Amino acid sequence: MKKEEHMKKCVFAGTFDPFTVGHADTVQKCLTLFDEVVIAVAENKQKHAMFSCEERVEMISAVYEGEPRVRVLAWEGVIVGLLAREETPFYVRGVRNAVDFSYETADFYASRDLDDDMIELYIPAEQRHLHISSTLVKNCIAFGTPFSQYVPPAVYEYIRRKKGK
C-alpha cells in the first residue's frame with residue numbers, strides 16, 4: 001500500500017447495540033481525518049444483543065443515508081482480517097474512560113500479534129457523552145424511560161418503529 005493512500009480509509013467496529021450519539025461523534029471525528037469510514041457491525045456471539053446484526057446495520061445506515069463517505073457492513077471474525085479486506089491499517093476505537101482504554105489496549109496487542117501493520121487510533125469521548133453507552137440505552141428501552149437524547153434521531157425513529165413505542 002502506498003503511503004499517500006493510508007489516510008483514505010479507516011475501520012470503526014463495534015456491536016453498536018444500539019448505535020449512540022457517542023458512536024456518531026466518533027464517526028464525525030473520523031470524517032475529519034479520513035476520506036472514508038467503514039462502520040463494521042460485529043456479530044458478537046458472547047453478547048446477548050437486543051437488536052440483530054441486520055437491524056443494527058439498518059439503523060446505522062439510516063443515520064448515514066446520503067453520506068457517501070460512510071459505509072456500513074456486517075462483520076464477523078478478527079479485526080485484522082477486515083482491515084486486510086478493506087486495505088487499510090487504520091482501526092479506530094472510541095474510549096470513554098480508563099476501563100475502555102485498558103480493554104482496547106489489551107485487544108490491540110492481541111490483534112497486533114496477527115498483523116504488525118495495524119495502527120489503532122483512540123478517539124476520546126466528549127465529556128458530555130462519557131455516561132452514554134449502548135447498555136444505558138437498552139436499559140431505558142427495557143424500562144420505558146426516555147432515551148432520544150442518547151441516540152441519533154434516525155436510530156430513535158428506527159427503534160420506536162421496531163419496538164412499537
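Me: What kind of crossing does α2 make as it passes α6?

Reply: α2 passes α6 in a right-handed crossing, the term for a near helix turned clockwise from the far one by less than a right angle. This is a predicted model, in which local features need pLDDT of at least 70 and side-chain atom pairs count only at pLDDT 80 or more, while totals for chains, interfaces and linings use all residues. Residues are numbered from 1 along each chain as its sequence is written, and side-chain values use heavy atoms, without hydrogens and water.

Me: Why is α2 called oblique to α6?

Reply: The axes of α2 (residues 53-63) and α6 (residues 153-163) come within 8 Å and cross at roughly 140 degrees. That makes α2 oblique to α6, because angles under 35 degrees count as roughly parallel, over 145 as roughly antiparallel, 65 to 115 as roughly perpendicular and the rest as oblique.

Me: Which residues of α2 and α6 meet?

Reply: E55, E58, M59, A62 and V63 in α2 meet A154, V155, Y158, I159 and K162 in α6, where contact means heavy atoms within 4.5 Å.

Me: Why does S134 count as buried?

Reply: S134, which lies in helix α5 (residues 134-143), has 15% relative accessibility and therefore counts as buried, the label for values under 20%, with exposed over 50% and partly exposed in between (1.4 Å probe, protein chains only). Beyond residues up to four places away in sequence, S134 touches F16, D17, P18, T20 and H23.

Conventions: Helix = DSSP H or I, 4+ residues; strand = E, 2+ residues; numbered from the N terminus. Axes fitted to C-alpha atoms, helices over the stretch in contact; angles between N-to-C directions.
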